[in-house]
Amino acid sequence: MPRKVIITSAVTGAIHTPSMSPHLPVSPTEIAEAAIGAAEAGAAVVHMHARDPADGRPSQDPEHFVPILEQIKAHTTAVVNITTGGSPHMTVEERMRPVSEFKPELASLNMGSMNFGLYPMLQRFTEFEHDWERQHLEGSRDLVFKNTFADIETILGIGNGNGTRFEFECYDISHLNNLAHFHGRGLAKGPLFVQSVFGLLGGIGAHPEDLMHMRRTADRLLGDDYQWSILGAGRNQLPLATIGAAMGSHVRVGLEDSLWIGPGELAESNAQQVARIRTILEALGLEIAAPDEAREILQLKGAANVGF
């Protein structure tokens, strides 16, 4: 039987700023419509951040999530995955608020502290509508994205307490070792949903050999108690997703991870990126997992058991 592949769409994120693309969703309505469109195109999971509609600044204020979550739940059965990463500029306490309140089926969890260099984007983008945008990028020269063992344990405790499972975001080999540590202690429970992240400055690179090294290491540390997914940043999005899928992975695309659909061509929507990777997956003889199939693969608690 053809293998089922889960497509995740990361709709807006906290890396890119509104001035970088006219297609980046910013308002609650734009973010919700982008998620619904991605689901209609084939995404079984929509990964959600929110923004302050006044200036597009990343926000973990639950009030900014409410209209987004209400619209998504009313118009699609896709799995909603809420970030605990928020923005590297936020405190851990800020970042945990939406997951604590809304008790989603799935939440992202960064598996280690790291340098998080966004400032090279200043070479491409030079004009900004809002002052915070340049500061957001320039400030990453001296920024550590804090995810200590205590932070991770706290977030795992919240998720385990309300039945939320995790998309474990692993930006480097050390993060896989951290995940294996928590898995061994019984705090991170299988099947683990491991999102291998490639191509962000401060994490592992985006060469195919890096992808293979991450896979070999995950196999050695986690055995068969995990589901693997690939996230390639920027221009690496589609090539690495394709390589990963051919090797047995699920895939993640979206405007959080890349603003592009091709060389020098901005993606017009998250749905466009989902449609493109869906075409590739189906050409490889793979089937696209529907939301309820993703729930079964990841052993999620179901949409009836969330807090929104």
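Q: What makes two residues a contact in this predicted model?
A: Contact means heavy atoms within 4.5 Å. The model is predicted. With neighbours within four places in sequence left aside, His130 is in contact with Ala54 and Asp55.

Q: Why does His130 count as buried?
A: The relative accessibility of His130 is 18%. Buried means under 20%, so His130 counts as buried.

Q: Why is Gly161 called exposed?
A: Gly161, in helix H5 (residues 149-162), has a relative accessible area of 69%. Exposed means over 50%, so the word applies to Gly161.

Q: How far apart are Gly161 and Lys103 in sequence and in space?
A: They are 58 residues apart in sequence, and their C-alpha atoms are 9.3 Å apart.

Q: Why does Lys103 count as partly exposed, and what is its phi?
A: Lys103 has 35% relative accessibility, which lies between the limits of 20% and 50%, so it counts as partly exposed. Lys103 is in the loop between H3 and S7. Its phi is positive, about 50 degrees, although Lys103 is not a glycine.

Q: Why does Gln299 count as exposed, and where is it?
A: At 51% relative accessibility, Gln299 is over the 50% limit and therefore counts as exposed. Gln299 is in the segment after helix H10 (291-298). Gln299 is a residue other than glycine with a positive phi, near 55 degrees.

Q: How do you know that the span of helix H2 agrees with its number of residues?
A: Helix H2 (residues 62-75) has 14 residues, which at 1.5 Å a residue should span 20 Å. The C-alpha atoms at its ends are 20 Å apart, so the two values agree.

Q: What caps the N-terminal end of H2, and which of its residues are buried?
A: Asp61 is the cap, with a side-chain oxygen 2.9 Å from the backbone nitrogen of Glu63. Pro62, His64, Phe65, Ile68, Leu69 and Ile72 are buried. The elements that the buried residues of H2 pack against include helix H1 (28-41), strand S6 (79-82) and helix H3 (92-102).

Q: Which residues of helix H9 are buried, and why are they placed on the same side?
A: Asn270, Gln273, Val274, Ile277 and Leu281 are buried in H9. They cover an arc of only 100 degrees around the axis, which puts them on the same side of H9. Thr279 and Ala283, on the other side of H9, are exposed.

Q: What is found at the ends of H9?
A: Ser269 caps the N-terminal end, with a side-chain oxygen 3.4 Å from the backbone nitrogen of Ala271. H9 is followed by Gly285, whose phi is positive, near 80 degrees.

Q: What makes the peptide bond from Gly190 to Pro191 cis?
A: Its omega is near 0 degrees. Pro191 is in the loop between helix H6 (173-184) and strand S11 (192-198).

Q: What is the volume of the largest pocket, and which residues are closest to its centre?
A: The volume is about 940 Å³. Of the 46 residues that line the largest pocket, His16, Ala233, Gly234, Arg235 and Asp257 are the closest to its centre.

Note on methods
Residues numbered from 1 in each chain as written. Predicted model: local features only at pLDDT ≥ 70, side-chain atom pairs only at ≥ 80, totals over all residues. Heavy atoms only, no water. Helix = DSSP H or I, 4+ residues; strand = E, 2+ residues; numbered from the N terminus. Expected span 1.5 Å × (residues − 1). Buried < 20%, exposed > 50% of the residue type's maximum accessible area, 1.4 Å probe, protein only. Polar contact = N/O pair within 3.5 Å; in protein donor to acceptor, adjacent residues only side chain to side chain. Arc of directions from axis to C-beta. 1 Å grid on protein atoms, 1.4 Å probe; cavity = no way out; pocket = protein on both sides within 12 Å on 5 of 7 lines; lining within 4 Å. Points joined across faces, edges and corners; volume = space filled by probe spheres on them.
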